[in-house]
Amino acid sequence: MRIIRATKVLTGRSGQVIADGEVLIDGPKIVSVGPRGSAGEAGEAAEVIELPGHTVLPGLIDAHVHLGFDAKVDPVTRRSPESDHHLLLRMAENARKLVSAGVTTARDLGARGFLDLDLRDAIEEGLAVGPHLVAATRPITITGGHCWYMGGEADDEPAIRRVARENLRAGADCLKVMASGGQMTPGAPPSWTSQYGTEQLRVVVEEAAARGKGVAAHAHAHEAIRSSVEAGVTTIEHCTFFTRSGHRYDPELIDVVAASGTYVCPTVHGAFHRIREVHGEAMLEAWLGGVSAMREAGVRQIAGTDAGFAIGGIGNPTDGYVGGLEVFAMAGYRNAEIIELATVLAADACGVGEVAGSLDAGKRADLIAVAGDPLERLSDLRNLVLVLVSGRSVGQAGVDTVTASLG
Ligand SMILES: [Zn+2]
């Protein structure tokens with residue numbers, strides 16, 4: 001048993017702060033959370049870690065990563081010469097960087113060769129260092145469509161059902177479907193067009209639901225966002241309201257998304273502010289305006305970085321998570337809300353809300369401790385002194401969390 005005491009303990013839920021709090025841990029699980037002394041007799045027998053001047057909170061959750069990519073601009077042409085063996089090693093290194101930045105659960109939304117499942121299992125076995133992974137395996141996409149090269153091509157409903165079932169048979173934790181085109185695949189439909197209609201997306205939702213799993217739908221285009229809501233997906237990824245002539249946020253459609261309760265992962269990341277230098281102020285303002293319009297309409301947004309994929313020629317490394325949270329602050333979110341969308345809400349959206357995302361008795365001991373107070377200064381989330389993944393400490397000494405992957 002171990003007891004961790006800190007000046008502040010945040011449960012993860014917005015506004016829930018325990019001053020001079022303590023968390024009692026037994027092996028991989030949390031036993032109790034409360035003010036100093038609340039652990040009672042059990043606490044007296046435990047090894048004590050005193051952290052004055054620090055804040056303890058749930059481990060952060062990245063709802064959208066691609067451990068198989070390396071933040072460079074063109075993953076497609078870089079992919080071909082790389083063997084699966086080499087790629088798996090690189091994914092392991094990316095997983096290490098992610099957990100070194102305080103991310104204790106990550107949802108990988110697209111990998112080839114089911115390598116994400118091997119890595120997920122290796123981390124759970126202690127063979128590799130990383131966050132708990134929620135793995136989507138091969139994204140379902142049309143022939144030659146967005147990310148077709150990951151192996152999940154399917155054009156009609158029987159084919160979609162087949163790929164969905166194969167992914168689930170292999171052990172996928174959720175399904176990913178490319179409802180619209182995207183920017184990163186040469187020759188694929190552009191992001192402002194749909195790849196699938198509502199009926200086809202419904203097949204994916206049905207197959208996932210039959211095994212108690214959720215669906216993440218990649219959707220930039222208006223029509224794809226609407227179809228995703230109609231089909232009942234769990235999360236909409238990007239949700240940029242992209243048209244041929246740029247972002248055009250539609251208040252009526254935002255209300256449809258909000259009313260449905262569908263989670264939106266707007267995939268904002270640490271290199272996001274560089275959009276200003278690369279694409280200009282107007283592009284940045286349009287994107288931020290959308291995130292803030294969704295907040296005002298009551299859309300449940302969650303944190304996820306799309307780490308691994310470059311965006312608009314800007315590298316997006318695996319350890320830029322807190323920078324992504326700072327983008328939510330730029331869009332008007334309060335720090336307490338940001339911590340909630342990075343923990344409780346993201347866990348729920350990723351289907352792991354029962355075991356992770358908040359500091360509660362019985363949940364996994366996934367937590368971080370930082371010097372300072374992230375409710376006052378979000379950047380204090382970078383001052384990590386402790387990262388526990390299911391109670392296992394991930395040592396920070398000597399870990400270079402500044403990415404080496406931007407070549
Ligand atoms: Zn992605």
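Predicted model: local features only at pLDDT ≥ 70, side-chain atom pairs only at ≥ 80, totals over all residues.
Good morning. I begin with helix H8, whose buried residues pack against helix H7 (222–231), strand S10 (235–243), strand S12 (263–265) and helix H10 (281–297).

Which residues of H8 are buried? In H8, which spans residues 251–260, they are Leu253, Ile254, Val257 and Ala258. Viewed down the axis of H8, these buried residues lie within an arc of 145 degrees, so they line one face of the helix. As a general point, an α-helix has 3.6 residues a turn, so residues three or four places apart point the same way.

Let me turn to one residue of strand S10, namely Thr240. Thr240 has a relative accessible area of 4%; because the cut-off for buried is under 20%, Thr240 counts as buried. Setting aside neighbours within four places in sequence, Thr240 is in contact with Ala219, His220, Ile225, His247, Tyr249 and Trp287. Between the C-alpha atoms of Thr240 and Pro266 the separation is 7.3 Å, and these two residues are 26 residues apart along the chain.

Finally, I come to a pair of helices, H11 (residues 321–330) and H12 (residues 335–342). They pack at an angle of about 130 degrees, and their axes are 10 Å apart. That angle makes H11 oblique to H12. The crossing of H11 past H12 is right-handed. On the H11 side, the contact is made by Tyr321, Leu325, Phe328 and Ala329, and on the H12 side by Ile338, Leu341 and Ala342. Sorted by class, this contact of H11 with H12 has seven nonpolar residues, no polar and no charged ones. Thank you.

Technical notes: Residues numbered from 1 in each chain as written. Heavy atoms only, no water. Axes fitted to C-alpha atoms, helices over the stretch in contact; angles between N-to-C directions. Helix = DSSP H or I, 4+ residues; strand = E, 2+ residues; numbered from the N terminus. Parallel < 35°, antiparallel > 145°, perpendicular 65-115°, else oblique. Left-handed = near helix turned anticlockwise from the far one by under 90°. Contact = heavy atoms within 4.5 Å. Nonpolar A, V, L, I, M, F, W, Y, C, P; charged D, E, K, R; others polar. Buried < 20%, exposed > 50% of the residue type's maximum accessible area, 1.4 Å probe, protein only. Arc of directions from axis to C-beta.
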